[in-house]
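Colleague: I'd like a close look at just one part of this model, please. Pick a sheet, go through it strand by strand, and then tell me what surrounds it.

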Amino acid sequence: MDTVYILWLRQIKRYFRSRARIVGSIGQPLLFLVALGFGLGPVYQRAGGGSYIEFLAPGIVAMAILFTAVFSGIEIIWDRQFGFLKETLVAPVSRIQIMLGRTLGGATVAMFQGIIIFILSMFVGFRPVSFVLLPLALVFMFLIAVLFTALGTAIASRLEDMQGFQLIMNFLVMPLFFLSGALFPLEGLPSAIATIVKIDPLAYGVDGLRHVLTGVANFGLFADFSILLVITALLLLIGSYLFSKIQI
Amino acid sequence: MEEIINISHLVKRFDKLVAVNDISFSVKKGEIFAFLGPNGAGKSTTIKILTTLLRPTSGSAILNGSDLSSNALGVRNSFGIVFQDPSLDDELTAYENMEFHGVLYRVPKEVRRARIEELMKFVELWDRKDTLIKFFSGGMKRRLEIARGLLHHPKILFLDEPTVGLDPQTRNHIWSYIQDLNKKEGITIFFTTHYMDEAERVAHRVAIVDHGTIIEEGSPEELKRKTNAASLEDAFLSLTGHEIRSEEATAADYMRMHRRAWRGR
């Protein structure tokens, strides 16, 4: 337990100490929120969709969490390159504990980032339908955060250096985001796109968040929650396995 | 005396390169054992295998009664290590790095706090305890790495070129502390170094390794006698030859280089 805690604490400390990273990873989602929200807002309204900011905000919260979470997972590569990973790997603690502590730390940071975006979205006009359901929104944020931190960890366990980073951003993280329904409604999509959306785990995170925050949903709250939970558990297992196989 | 490290027929192959080629030896409990060899001889690879960071291609090793292949956690419970290359967290303070280590190794809180203070005073970094590591000089980092390695008093202590880059005063100071630990607590010391005078002075026994195999083993006196040399350094040179070895740069070296370049903007 102490091990998990100290590893968690390390992630938190590192996060709060690098202000550039906080600002940097808030900038992009904020840009999406403002530029797309106000830019496409009138079109969306004319098409009968109602307020686009209302629709977009939960998706952008999920986006902030996705990016920070994957990045937190991938940080293992840095630890490996700068030597600190060795220090944790030779310690008399199980690999599972190390993986768990890191993942929870990364997930907490990602969730924190999501909360910041949520608060900022209120400044550009977003209002959740009910504040009573906010704790449920936090549950979804946490699930998204753990899921994608574990995914990042799993991938990073197989990588030697940062060469593959761009590849992961362009061929994994970006598609995960754009095809999650964060930016557009899922009704009436061409069937190929609709199928891809269904296998994108972030789609269920976005849908769950949107349901809780705005009352509009596609898959249903229970489906969102259980699918996220299963995929998170699965990725934690795969991540732990790959992490335990790391050699330096 | 009882053997605490027992290695038999250890082999590590990377693609075509054989880094460790059928090494067998043992270290006795309470011994100060020097593992010497030119660059690229297979020292660090052997230490990485013994510290569970790398899996051997074949062969076996038993540390403090635990088999490396079947009980890695048991092995990890038995040793401490000071790495050859940096392994501190740059974004944490010196104290936090020590604390992190102490918690991972389950050193009880009271002992941990007292020992961290003692060790940091010993390496003269106590007044810098709240400084982030990224502001430390190379020598300061080295001293902290050593202090951290000594924090949890393991059964076996691996020191991979611990004193590289330190001045003679600091080297002396640190070795006397390590010798003291060895005497008082019976901690077995397994170290590598390129300073032959250091090995000659502190080691009870020496193994000289080259091209992945052990070519000679014995006390410094025995090695000198065998090779008719005046010092361990001469003995070392006559055993391993005068040809200069090179090590390949690793991905980490490239990355450090890039980071320096970016910082220097």
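Modeller: I'll take the six-stranded sheet of chain B, then turn to the rest.

First, some housekeeping. This is a predicted model, where local features need pLDDT of at least 70 and side-chain atom pairs count only at pLDDT 80 or more, while totals for chains, interfaces and linings use all residues. Residues are numbered from 1 along each chain as its sequence is written, and chains are lettered from A and ligands numbered from 1 in the order in which they are written.

The sheet is open, with mixed pairing and the strand order 6-7-8-3-9-10 in chain B. Strands here are DSSP E runs of at least two residues, helices are H or I runs of at least four, and both are numbered from the N terminus; two strands pair if DSSP finds at least two bridges between them. Strand 6 (79-82) and strand 10 (213-218) of chain B sit at the edges with a single partner each, so one side of each has no neighbour in the sheet. From one strand to the next, the twist averages 15°.

Now to strand 3 (residues 32-36) of chain B. On one side it pairs with strand 8 (residues 188-192) of chain B in the parallel sense, over three bridges, and B:Ala34 has B:Phe191 as its bridge partner there. Strand 3 of chain B also pairs with strand 9 of chain B, again in the parallel sense, over four bridges, with B:Ala34 opposite B:Val206.

Strand 9 of chain B then runs antiparallel to strand 10 of chain B, joined by five bridges, and B:Asp210 stands opposite B:Thr213. These two strands form a hairpin with two residues between them, and B:His211 in the turn has a positive phi of about 50°. Five of the six residues of strand 9 of chain B are buried (20 or more other C-beta atoms within 10 Å of a residue's own, against 12 or fewer for exposed and partly exposed in between, with C-beta atoms placed from the backbone), so the strand is largely enclosed by the rest of the structure.

What lies across the sheet? Helix 1 (residues 43-50) of chain B lies across strands 3, 7 (156-160), 8 and 9 (205-210) of chain B, at about 150° to strand 7 of chain B. Helix 9 (residues 232-240) of chain B lies across strands 3, 9 and 10 of chain B, at about 30° to strand 9 of chain B. Those angles run from 0 to 180 degrees between N-to-C directions, with axes fitted to C-alpha atoms, for helices over the stretch in contact; contact is C-beta atoms, placed from the backbone, within 7 Å.

For comparison, chain B has another open sheet, of four strands in the order 2-1-4-5, with antiparallel pairing. Strand 2 (17-28) and strand 5 (66-67) of chain B are its edges, each with a single partner strand, so one side of each is left without a neighbour in the sheet. Nine bridges join strand 1 (residues 3-14) of chain B to strand 2 of chain B, and B:Arg13 stands opposite B:Val18.

Finally, chain A meets chain B through 24 residues from chain A and 26 residues from chain B. Helix 1 of chain A gives the most to the chain A side, with seven residues.

Notes
Contact = placed C-beta atoms within 7 Å.
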